[in-house]
Amino acid sequence: MTAPTITITIKIWRQAGPDVQGSFEEHTLRDLDVDMSLPEMLEVLNEQLTRQGKIPVAFDHDCLEGICGMCGAVVDGVAQGPEEKTTLCQLYLRHFHDNQTITIEPFRARAFPIIKDLVIDRSAFDRIIQAGGFVSVNTGAAPDGNVLPVARHLAEQAMDAAACSGCGACVAACPNAAAMLFVGAKISQLALLPQGRPERERRALSMVRAMDREGFGSCGNERECEAVCPKGISIRNIARLNREFLRASLAADETV
Amino acid sequence: MQLDARIPAGPLTDKWDNHRAAVRIISPANKRKYEILVVGTGLAGAAAAATLAELGYNVKVFCLQDSPRRAHSVAAQGGINAAKNYRNDGDSIFRLFYDTIKGGDFRAREANVYRLAQVANNIIDQCVAQGVPFAREYGGTLANRSFGGAQVSRTFYARGQTGQQLLLGAYSAMMRQVAAGRITIYPRREMMDLVVIDGQARGLVCRNLVTGEFERYGGQAVVLASGGYGNVYYLSTNAVSSNVTAAWRAYKHGAGFANPCYVQIHPTCIPVHGDYQCKLTLMSESLRNDGRIWVPGQAGDRRQPAAIPEEERDYYLERKYPGFGNLVPRDVASRNTKEVCDQGRGVGKSGRAVYLDLRDAIERDGLEVMLQKYGNLFHMYEKITARDPGREPMMIYPAVHYAMGGLWVDYNLMSTIPGLFVLGEANFSDHGANRLGASAMMQGLADGYFILPATIGDYLAGTGHEPPDTGGKAYDLAVRRSEQRIAGLLKNTAGKKPGLQTATHYHRRLGSLLWNECGIARNRKGLQRALDAIPELREEFRHNVVVPGSGRELNQALEKAGRVADFMEFAEIMVRDALAREESCGCHLREESQTATHEARRDDEHFSHVAVWEYTGEGRAVMHKEPLSFEYVTPVQRSYT
Ligand SMILES: Cc1cc2nc3c(=O)[nH]c(=O)nc-3n(C[C@H](O)[C@H](O)[C@H](O)COP(=O)(O)OP(=O)(O)OC[C@H]3O[C@@H](n4cnc5c(N)ncnc54)[C@H](O)[C@@H]3O)c2cc1C
Ligand code: SF4
Ligand code: FES
């Protein structure tokens, strides 16, 4: 039993550095196993380029199981590729057909400068979390884990939101390059849990401010983010973010 | 090399408390004068960095990824243990301690493991307070499940993404300290060398992975939390960037490397399906609660699984271990799976796979129930293999998963280099020769949140707080050494001589050599063969590896080649360690050391020790022993028949 193989032409974005002009480059790879994932295919391409004395394609990946958020690219015009709720590393060649041309380019957004080829700088996300995406509790200061009961459905909803991997696809997909889904996910997780309540106003104001400062756009209700999110983060989290922000703004005088 | 474990005196249950009361501490006003360098932002590194900063120290953290939130810990699935006894099912700190030390086949220190069991409860409290969305019961209390064959229900979890959630908790605590100005993060940095001045670890030379520049950092102590070395086998369940480089640099400066041959091989992973693969995927072993493992009774039987009648199937674990069946420990399951495949009874394309069959459970409880329990695993399996485990049995095979070996540390988590502390999977401390499920995260977070922050003050109290001269000789030397390493890797870039190969090519060959000769089952002859082959392979690598591009830019091929170069050196002490350990223990069967019924035979008389390797020059090493003694538990031979 030999696995079926296919031929793929890759049209891939090459850009040597942040300030240089980039362009597409085409390569055809033959006899690819359909069980191969996209990063594995790029590795095959890179081995080939290396043997030809050329520079391999730079692309980020690490866990290869859809959890670390390291990988990411726009595939045929869709951030993280055409499969629903799927990261680049979980996209397999069996999702494509023989002799297909696949276009691969980096996530593009003002707040995510390109470093090289598909590699981008997403440190803006870290700075947004620094602005308030945490509970202020020092190690050792925690009460017993069962002191505050959490209704099961709230814990589940918080978990739904907490699953965000920080990959940035939502930003890349948004016509305004907004980071609302990412920020909404973190705000929601902590607003749903009693542990996050004491700081909810401060958190909402400060994270939204950080988001603006980093150059992310504002939400135009296009829902593109939800459509591409590999972790299934719901747009309801954006609604909750808006509520939390409004609530915090109204209460600003007393609380901040 | 002095191996003083510095275990505090007193009864087992009081050692940690006594120790904390006795160690020196730094006054709050003085802490800010100290700078601590933390390499790694996994559970261990992130927890340590956040806690040290909360205490008032200045902290710099380094990681390979673009954000500290992406460290390999993010991929842990199943859960984290603690003896909360919320279930009232008879759990206790002593029971968790006993299970862990027995699971490690009596090759870990009693005092360390007891302390781990003690602080585990505080970890859960801390993570809950950070907003980690652990699974809950309807009444709102924390849920537990039983994991890895434990007889009590002590595993806390957040769906199948416990590692992600615990890591994000630690990461957020760290981000809070970044905002407070006490932590600076340095992502996309690779530690290239340790700087030791007057016998003390004082700094690092890192390569900025974006610009290729070497950067110099100094402080009063260095904390390595750089993870495990499972990727020496090329294929493992670890993240692609997991490496031995940071630990290896420390080793070359005199840090002892303990038990390098102890590697855990997990029985339930998705089998290898092509030579282009660079990583394997774990299927949680919770599947063994309902899945039955089998192969055809006859070698070479190529029929579809459904066409093989019941009486022609061999449920080999149930047959050989009627008491435990499919729930035997990881090592026993892995070893037997290898054995049936060696007999030609493996299934799938490669013949290196066995069936994990949920048919009977589905018939008994219905598909609905199975989907509730394992839906995400079914989904993941189907995504990767395009097969539906609800309709046909899954195929699984063992894969390298976790490194129990690591840099030797004393009770304070300090290595044999003063001022160099080692946490998490990078150290050797608590799992002996085998790690129980859901205990790696427990250990990493215990080290980072509770142990290091309590012990590091004792060291710092004796060091003063002047910063080292980063322009000095020791740094210049470290930079020069690093430049030479990079230049060595790049020497074939321009040329076109025949026979050049990529680093991945050599990594693959090293991995398959180790998997065959130093994997699940080992024997003297095979290990000797590996010892002969490794230096040859390493030489070939040095001459013929081709790395494109330059060192002054983002160059992922160069990063990879550097890590492979270190694996090539490390592999040798790993095999030497395996050769020296002439007993079966924990994860490994040493074929010369078996019982009459072909079960593993441990040899306490000769091998109840930690084997610690000291670097004595290029390609040379000597082994020292730290004897293990047991006062509170009696080592028993494990038996699962
Ligand atoms: C698939 C899978 C599932 C698992 N499931 C469980 C589970 O259910 N329960 C459990 O308890 N354990 C589990 N484990 C084990 C557990 O996840 C790991 O042992 C643990 O997370 C290791 O954490 P760490 O902090 O020691 O290191 P890591 O998380 O590996 O972090 C290493 C850090 O060091 C950095 N680093 C490495 N080298 C360098 C260098 N040279 N320079 C600079 N930085 C460097 C990396 O960037 C990273 O930040 C699982 C492991 C795997 C692979
Ligand atoms: S919300 Fe979804 S798409 Fe956006 S960063 Fe998180 S996981 Fe990625
Ligand atoms: S590589 Fe981790 S999510 Fe794709």
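Trainee: Which element gives the most to the shell around ligand 1?
Mentor: In this predicted model, β6(B) gives the most to that shell, with three residues.

Trainee: Which elements give two or more residues to the shell around ligand 1, and where does ligand 1 sit?
Mentor: Ligand 1 sits in the largest cavity. Four elements of chain B give two or more residues to its shell: α3 (43–55), β6 (189–197), β15 (394–403) and α12 (440–460).

Trainee: How many residues are around ligand 1, and which come nearest?
Mentor: There are 38 residues around ligand 1. Those that come nearest are B:Q65, B:S73, B:G78, B:E425 and B:M441.

Trainee: How do the residues of that shell divide into nonpolar, polar and charged?
Mentor: The shell around ligand 1 holds 17 nonpolar residues, 17 polar residues and four charged ones.

Trainee: What lies 2.7 Å from an oxygen atom of ligand 1?
Mentor: That is an N or O atom in the side chain of B:E425. Backbone atoms take part as well: a backbone N or O atom of B:L43 is 3.1 Å from an oxygen atom of the ligand, and a polar backbone atom of B:S439 is 3.3 Å from an oxygen atom of ligand 1.

Trainee: How much of the accessible area of ligand 1 does the protein cover?
Mentor: On its own, ligand 1 has 1,000 Å² of accessible area, and the protein covers 97% of that.

Trainee: Turning to ligand 2, which residues come nearest?
Mentor: Of the 13 residues around ligand 2, the nearest are A:C164, A:C167, A:G168, A:C170 and A:C229. By class, its shell has nine nonpolar residues, three polar and one charged.

Notes: Residues are numbered from 1 along each chain as its sequence is written. Chains are lettered from A and ligands numbered from 1 in the order in which they are written. This is a predicted model: local features need pLDDT of at least 70, side-chain atom pairs count only at pLDDT 80 or more; totals for chains, interfaces and linings use all residues. Side-chain values use heavy atoms; hydrogens and water are left out. A residue is near a molecule or strand if one of its heavy atoms lies within 4 Å of it. A polar contact is a pair of N or O atoms within 3.5 Å; within protein, one must be able to donate a hydrogen and the other to accept it, and residues adjacent in sequence count only if both atoms are side-chain atoms. Accessible areas come from the Shrake-Rupley method with a 1.4 Å probe; for residues, only the protein chains shown count as cover. On a 1 Å grid over the protein atoms alone, a cavity is a set of points where a 1.4 Å probe fits but cannot get out, and a pocket is an open set with protein on both sides within 12 Å along at least five of seven lines; lining residues have an atom within 4 Å of a point. A molecule sits in a cavity or pocket if more than half of its atoms lie within 2 Å of its grid points. Ala, Val, Leu, Ile, Met, Phe, Trp, Tyr, Cys and Pro count as nonpolar, Asp, Glu, Lys and Arg as charged, and the others, Gly among them, as polar.
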